[in-house]
Amino acid sequence: GKIFLPYFSNLVDASFSGCTGLTDIYFAGTKEKWKNVNKQTGWNTPLPSNCVIHCSDGNLDKEDNEIN
């Protein structure tokens, strides 16, 4: 599954609870902005290990590590 988030997102919380099929998050901001989003502890726990956060300037894994 996919989800699209605006660049001004400032909180990612338990909204992804149960989203075990979410493989792509499209974030309209940069990688740096994503890394600075205020995320609740465990926000990414239900996401599969292959989930990719697609930012305007590149991709990150669910742990905020840069990937190709």
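Lys31 is buried, because its relative accessible area is 15% (buried means under 20% relative accessible area, exposed over 50% and partly exposed in between, with a 1.4 Å probe and protein chains only). The model is predicted, so local features need pLDDT of at least 70 and side-chain atom pairs count only at pLDDT 80 or more, while totals for chains, interfaces and linings use all residues. Residues are numbered from 1 along each chain as its sequence is written, and side-chain values use heavy atoms, with hydrogens and water left out.

**Salt bridges**

- The structure holds three salt bridges, a salt bridge being a side-chain nitrogen of Lys or Arg within 4 Å of a carboxyl oxygen of Asp or Glu.
- Lys31 pairs with Glu66, and their closest N and O atoms are 2.9 Å apart.
- This pair links distant parts of the chain, with Lys31 in helix H1 (residues 31-35) and Glu66 in strand E7, 35 residues apart; helices (H or I, at least four residues) and strands (E, at least two) are DSSP runs numbered from the N terminus.
- Glu66 counts as exposed, at 53% relative accessibility.
- Lys35 also forms a salt bridge with Glu66, the closest N and O atoms being 3.9 Å apart.
- Lys35 is in helix H1 and Glu66 is in strand E7, so this pair ties together parts that are 31 residues apart in sequence.
- Lys35 is partly exposed, with a relative accessible area of 33%.
- Lys39 and Asp64 meet through their side chains in a salt bridge of 3.5 Å, N to O.
- Lys39 lies in strand E4 (residues 38-39) and Asp64 in the loop between strand E6 (58-61) and E7, so the pair ties together parts that are 25 residues apart in sequence.
- Lys39 is buried, with a relative accessible area of 17%.

**The sheet**

- An open sheet is formed by five strands in the order E1-E3-E5-E6-E7, with mixed pairing; two strands pair if DSSP finds at least two bridges between them.
- E1 and strand E7 (66-67) stand at the edges with a single partner strand each, so one side of each has no neighbour in the sheet.
- E1 and E3 run parallel and are joined by four bridges.
- E3 and strand E5 (residues 52-55) also run parallel, joined by three bridges.
- Tyr26 stands opposite His54 in E5.

**Asp24**

- Asp24 is found in strand E3 (residues 24-27).
- Lys2 stands opposite Asp24 in E3, and the bridge partner of Asp24 in E5 is Val52.
- Asp24 is buried yet has no salt bridge, and the nearest side chain of opposite charge, Lys2, is 5.6 Å away (Lys and Arg count as positive, Asp and Glu as negative, and His and the chain ends are not counted).

**Nonpolar core**

- The largest nonpolar core has 13 residues, and those with the most contacts inside it include Phe16, Ile25 and Phe27; such a core is a set of buried Ala, Val, Leu, Ile, Met, Phe, Trp, Tyr and Cys residues joined through side-chain atoms within 4.5 Å.
- E3 and E5 are the elements that give two or more residues to this core.

**Cysteines**

- A search of the whole structure finds zero disulfides, a disulfide being a pair of cysteine sulfur atoms within 2.5 Å.
- The sulfur of Cys51 is 9.5 Å from the closest cysteine sulfur, in Cys19, which is too far for a bond.
- Cys51 counts as buried, at 1% relative accessibility.
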